[in-house]
Amino acid sequence: MPEARRIRRWRRLLADEREEAAVYRELAGRRRGEEREILLGLADAEERHAAHWVELLGPEADRPARGRLRMRVLVQLAKRFGSVFVLALAQRAESRTPYRTEPDATEAMAADERVHEEVVRALASRGRARLSGTFRAAVFGANDGLVSNLALVLGVIGGGVPSSVILLTGLSGLLAGALSMGAGEYISVRSQRELLAAAAPGTGTSAVVPQLDVNANELALVYRARGMSEREAREHADEVLRNPQLAPAADRPGQDHEVVGTGLKAATSSFCFFAAGAAVPVLPFLSGATGPAPVIAAAVLVGLALMLTGAAVGVMSGAPPLTRALRQLAIGYGAAAATYVLGLVFGATVG
């Protein structure tokens with residue numbers, strides 16, 4: 001390989017490492033406590049990798065180079081948002097490290113990048129857990145609004161109704177669906193919180209620990225009921241009896257169940273996103289246009305929106321965004337097409 005090509009590659013890798021370090025430092029600036037320290041540790045590691053390329057480049061390291069477009073975009077996103085979306089994108093960037101096949105990178109650098117992927121995955125998982133309830137309601141609401149209202153509009157179009165009826169049907173579907181989704185999400189989240197609250201351990205156990213019969217040690221039954229083996233439960237109960245101050249921590253269940261968000265947040269998110277999604281297939285009909293033009297426009301707009309929501313889910317889950325976008329598009333169009341065919345059949349039958 002010509003020396004010039006190798007130098008260009010090293011300069012690009014150096015730029016990428018500096019961009020990655022900048023991403024983690026930007027994210028750290030928006031975090032506190034342990035997460036901040038972890039992100040700063042990742043930034044230090046990327047700068048250590050950058051030093052490797054600086055050493056190889058020598059005087060050439062002083063010549064500025066630009067990293068990959070993906071990394072430059074990621075830095076800008078980190079500056080403006082610092083959200084779990086950026087962490088999910090950083091996770092994908094770490095998974096695509098070129099060091100596995102890069103002959104001039106050390107084995108330690110390649111191993112570091114594999115570890116970085118897992119660290120970022122864990123941090124992204126924390127973020128996903130914090131917003132999973134609201135995000136699920138938003139994605140589900142938007143997707144349901146897009147598909148159901150497009151299907152509804154196409155169904156009545158298949159039935160041969162006039163444009164005014166199509167518009168009224170679309171607006172009615174928007175309002176009815178948004179209210180239904182919001183109410184359903186509120187009830188769902190509230191019910192889940194109530195079920196988890198009923199399963200949580202009581203708070204009275206800690207107060208009676210000092211009065212327990214040491215020989216009988218019925219406290220062990222509590223821990224066995226929570227999933228510990230007989231031996232583990234007895235050992236843990238003995239430890240609590242020797243030190244009753246440990247009882248509050250022991251009162252917690254073996255596996256924490258977290259419900260992120262509230263019923264009101266989930267309901268509001270679901271209502272707004274359903275309404276936004278359901279408005280998309282109606283927009284072309286607001287102009288009063290007739291014929292195939294507004295139908296095609298509605299289908300195209302819904303298709304773009306479906307791909308956008310699918311890509312967002314892909315980014316959040318760490319999966320390929322394009323694959324998820326195409327899957328969302330195929331499912332949405334399939335449901336709408338089926339409804340349109342049914343509208344043709346029923347329209348012909350009724351007519």
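**Notebook: helix packing and confidence**

I looked up α1 and α4 first, and they are roughly antiparallel to each other, a label that I use for angles over 145 degrees, while under 35 counts as roughly parallel, 65 to 115 as roughly perpendicular and the rest as oblique. The model is a predicted one, in which local features need pLDDT of at least 70 and side-chain atom pairs count only at pLDDT 80 or more, whereas totals for chains, interfaces and linings use all residues. Residues are numbered from 1 along each chain as its sequence is written, and side-chain values use heavy atoms, with hydrogens and water left out.

**Entry on α1 and α4**

I noted that the axes of α1 and helix α4 (residues 84-95) come within 12 Å and cross at roughly 155°; axes here are lines fitted to C-alpha atoms, for helices over the stretch in contact, and angles run from 0 to 180 degrees between N-to-C directions. Helices are DSSP runs (H or I, at least four residues), numbered from the N terminus. The crossing is left-handed, a term used if the near helix is turned anticlockwise from the far one by less than a right angle. I then listed the residues in contact (heavy atoms within 4.5 Å): Glu-20, Val-23, Tyr-24 and Leu-27 come from α1, and Val-86, Leu-87, Ala-90 and Glu-94 come from α4. By class, this contact has six nonpolar, no polar and two charged residues, where Ala, Val, Leu, Ile, Met, Phe, Trp, Tyr, Cys and Pro count as nonpolar, Asp, Glu, Lys and Arg as charged, and the others, Gly among them, as polar.

**Entry on α1 and α2**

I turned next to helix α1 (residues 3-28) and helix α2 (residues 33-57), whose axes come within 8 Å and cross at roughly 165°, which makes α1 roughly antiparallel to α2. Their crossing is left-handed, and their contact has 17 nonpolar, one polar and nine charged residues.

**Entry on the aromatic pair**

I searched the whole structure and found one aromatic pair. The ring centres of Trp-53 and Tyr-99 are 5.9 Å apart and the planes lie at 45°, so the pair is tilted; rings of Phe, Tyr and Trp (its six-membered ring) pair if their centres lie within 6.5 Å, and planes under 30 degrees apart count as stacked, over 60 as edge-to-face and the rest as tilted.

**Entry on confidence**

I checked pLDDT, the predictor's confidence in each residue, from 0 to 100, and the chain averages 76, with 76% of the residues scoring at least 70. Confidence is lowest in helix α10 (residues 247-250), at a mean of 45, and highest in α2, at 89.

Methods
Helices (H or I, at least four residues) and strands (E, at least two) are DSSP runs, numbered from the N terminus.
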